[in-house]
Structures are given as structure tokens and as C-alpha cells.
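Thanks for making the time this morning. I would like to walk through one model with you, going from a loop to a hairpin and then to the core.

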Amino acid sequence: ATAAVRFLAGDGEAEAVRADERALRALGVRMVPTFLLPGGVAVVGAEDPAVLAAAMRDACLHRPEGPH
């Protein structure tokens with residue numbers, strides 16, 4: 001079997017995935033996709049690419065340390 005098949009058949013990473021899920025839920029993530037941007041901005045759901053790009057641009061321009 002290939003490495004991918006063995007990985008999918010096992011549960012070696014299951015606890016790591018559960019830990020990631022707990023951490024994201026603690027941040028308020030409840031659905032995918034969710035994009036967490038600087039300044040605590042979150043874009044939730046399948047948005048139009050222009051909406052996501054605008055949110056990213058705004059988040060970067062309004063960072064406390066200035067635009068990058």
C-alpha cells in the first residue's frame with residue numbers, strides 16, 4: 001500500500017487533528033472556509049474572491065505596526 005493509503009487507514013494523526021480542531025473552535029471558527037486575518041478580522045464562508053482580497057488588503061493596511 002502507498003504511504004497515503006496507510007496514513008488514511010490509520011489514526012496516527014487523529015489526536016493532532018483533534019487538537020487543531022479544539023484550538024480553532026476556541027478562536028471562534030465554526031465553519032470552513034474561515035480566514036483569520038490580522039486585527040481579529042475573520043472572513044467566514046465562501047466569499048467572492050474580490051471580497052476576500054479587500055478584507056485582506058484592509059487588514060494589512062490597518063495593522064498596528066502599519067502596512068506591509
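This is a predicted model: local features need pLDDT of at least 70, side-chain atom pairs count only at pLDDT 80 or more; totals for chains, interfaces and linings use all residues.

Let me begin with D11, which lies in the loop between α1 (3-9) and α2 (14-26), where helices (H or I, at least four residues) and strands (E, at least two) are DSSP runs numbered from the N terminus. At 63% relative accessibility D11 counts as exposed, taking buried as under 20% relative accessible area, exposed as over 50% and partly exposed as in between, with a 1.4 Å probe and protein chains only.

Residues are numbered from 1 along each chain as its sequence is written, and side-chain values use heavy atoms, with hydrogens and water left out.

F35 stands opposite V43 in β2, and among the three residues between the strands, G39 takes a positive phi near 85 degrees. L36, in strand β1, is partly exposed at 44% relative accessible area.

Finally, the largest nonpolar core consists of five residues, L37, V43, L52, A55 and A59, a core being a set of buried Ala, Val, Leu, Ile, Met, Phe, Trp, Tyr and Cys residues joined through side-chain atoms within 4.5 Å. Helix α3 (residues 49-61) gives the most to this core, namely three residues.

Note on methods:
Two strands pair if DSSP finds at least two bridges between them.
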